[in-house]
Amino acid sequence: MYTSWESQLTPEELNVYKELFEIASKSKPNLVTGIEAVQFFAKSGLPNTILSEIWENADRDNLGYLTLETFSIALKLIACAQNKVNVNEPLLSTVTPLPQFEGIQLTNHSENTISSSLIMTPAEKSKFQSIYRSQNPTPQGIPGETAKSLFLKSKLPNEILAQVWGLADISKNGYLNETEFIIAMFYIARLMDGKITTVPTTLPPEVYSAASNSPLIQSTSSFISSPQSIHSPIANPARAKRIDSIGSMAFASTAPNTPWDVAAHEKAQYDSYFSRLDKQQRGLIQGTEVVEFLRNSKLPQSDLAKIWDLADINNRGALNPSEFAVAMHLVHKRLAGEPLPAILPKSLVPPTTPTIPPSTPLLTNTENSQPNNKQDEDLLGDFGDDQLIEITNQVNLIQNQISTTRKSTKQIEVQKKTAQQAATALQEKNAELKERLEQLKTKCSDEQAVLNELNQTIEQEQPVWDSVQSELNTHQKQLETAQAELLKIKESYKEGQMENEKLRRNIHNIQMESMRLAKELDELHQKHKRKQEAKAAKKEARRRAEEARKAEEARKAEEERKAEEER
């Protein structure tokens, strides 16, 4: 049985993560120490700054070690960083390739082989592309209703088709682009011919790669992944002008030091903007409409993307009034120079944020969805005359002037208060210094009296000191005489020591010379003895040679005699 976090991983990931955990865990069973994690994660090739952030996210309890679960979280984050995949929730369900570590060889898990049912042939892809193009897609892709009508022809249950939609709709904007449409058609075809019976909860990277010819990189921001980017042109210039007018008014500087929580007057103001943008009174503004509106703040795209991520609490690609108020509040904070938070503070979470699931066109009722044939209808048609634009700009200018004046006034008040506080502090310091001066004067008088008493005592004791000084001088002279005599004695003693040392060295030299002569005498005796032995050896050798010669002559004479007898 899998635990809750293990069920979020694929069987292949779970097996590989467990094997990597065993490789990294060396000193203690069932955990990886901090040092072991640092050494192991360094093999991923990621910068230390990223690895440090990964560690902080994995070891959230500051335990200093990683269990299998927290180690798996770290591995998933490393895989996301290596493959530039944005993190989704839940984290472990984010679709990524396996993390790679230099020098780490893994066993070949059976799950590593791609099932033949998940292989998309070029012919299938070409077929799906033809179907996609035949639906006359918009720049954003095929609308959900069009896709629904097409998918219903498969006769598959609506629940299955909804799962297919949720799997394929990566951008979460209510449209399917070509890649997403190919993915959806691929799974519908596999379900129809029985090669698969269930829809996976996460999109396999190999399926995405086959459909798009590129690695899977999922975005957590519907705002950035929306088909119309922040810098894309708006089709209707007049419409853009009117949106810019309201946008300029909406993003004008407000009173300084606005509280972090969305105040009541802010909410009322933001609701008025929301109602103007929400022409159909649906209670939601789609991402493309919010994009056009937020562009008027002139904030960088990266800041607007982060604001969208923070405000789109339900991750549905659209904002309700409360979420729109959060977005507006964050925009004003950023315009005031304050940094954006990494996560949405609790104080900014709307008190009641209804949870509306992402729009799934395959489960909506086609009878209730009527196409809007008024394509040219102005988003803000009720507020579109040029006079309103001019008045709005004038109001905006006055608001900016008022805001600037308020800021200057408040700065002056702060400076005045600071100066008053500084003056008060200086007065208190002056009083303290005066008090310390009086104390020092009193202490100085007391010390002078003591000094006068000491001078009188010195005058009275002076005759005694003179007598003692005279006696001291006498003893000093005696001491000097004794020291002179002692010095002479030391010099005489030193000369005697030097004479003794000289005699000792002479004796030593004589002893060394005697030893040398005795050694030479022994060597001469040995040399003479060797000569005698050599002479005796030579004499013996001559004797033996003579005996050998005589024996040889006798032998030859005997041989000659025998030879003569044989004849």
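Mentor: R504 has a relative accessibility of 47%, so R504 counts as partly exposed. This is a predicted model. The side chain of R504 meets that of E501 in a salt bridge, at 2.4 Å from N to O. E501 is partly exposed as well, with a relative accessible area of 29%. Why are E501 and R504 separated by about one helical turn? Because they are three residues apart in helix α16.

Go along helix α16 to the next pair. R516 and E520 both lie in this helix, four residues apart, which is about one turn. Their side chains meet in a salt bridge at 2.5 Å, N to O. R516 has 37% relative accessibility, so R516 is partly exposed. E520, with a relative accessible area of 36%, is partly exposed too.

R543 counts as partly exposed because its relative accessibility is 37%. For E540 the relative accessible area is 28%, so E540 is partly exposed. This pair belongs to a network: salt bridges that share partners join E540, R543, R544 and E547. The count of salt bridges comes to 19.

I458 has 38% relative accessibility, so I458 is partly exposed. Together with V464, W465 and V468, I458 makes a nonpolar surface patch of about 360 Å².

The largest nonpolar core has 31 residues. Those with the most contacts inside this core are F151, F181, I183, Y187 and L203. Five elements are listed as giving two or more residues to the core: α5 (122-134), α6 (144-151), α7 (158-168), α8 (178-192) and α9 (205-212). The most comes from α8, with nine residues. Apart from this core lies another, of 28 residues, with W5, I54, I73 and L91 among them.

Take F181 as a probe of the packing. Leaving out residues up to four places away in sequence, F181 touches F128, I131, Y132, I142, L150, F151 and L176.

I170 is worth a stop. Its place is the loop between α7 and β4 (175-176). At 18% relative accessibility, I170 falls under the 20% limit, so I170 counts as buried.

UniProt lists residues 299-334 for "domain: EF-hand", in an unreviewed entry. Over residues 299-334 the chain is 69% helix and 6% strand. The end C-alpha atoms of this stretch are 8 Å apart.

Finally, the whole chain. The protein chain has 16 helices and six strands. Of its 567 residues, 32% are buried. Among contacts between residues at least 6 apart in sequence, 71% join residues at least 24 apart. The chain exposes about 36,900 Å², and carbon and sulfur atoms supply 54% of that area.

Conventions:
Residues numbered from 1 in each chain as written. Predicted model: local features only at pLDDT ≥ 70, side-chain atom pairs only at ≥ 80, totals over all residues. Heavy atoms only, no water. Patch = residues over 30% accessible without salt bridge, like charges linked within 9 Å, V, L, I, M, F, W, Y side chains within 5 Å. Areas by Shrake-Rupley, 256 points an atom, 1.4 Å probe, with all protein chains shown as cover. Salt bridge = Lys/Arg side-chain N within 4 Å of Asp/Glu carboxyl O. Buried < 20%, exposed > 50% of the residue type's maximum accessible area, 1.4 Å probe, protein only. Core = buried A, V, L, I, M, F, W, Y, C linked by side-chain atoms within 4.5 Å. Contact = heavy atoms within 4.5 Å. UniProt positions renumbered as here; feature names shortened; annotations may be inferred.
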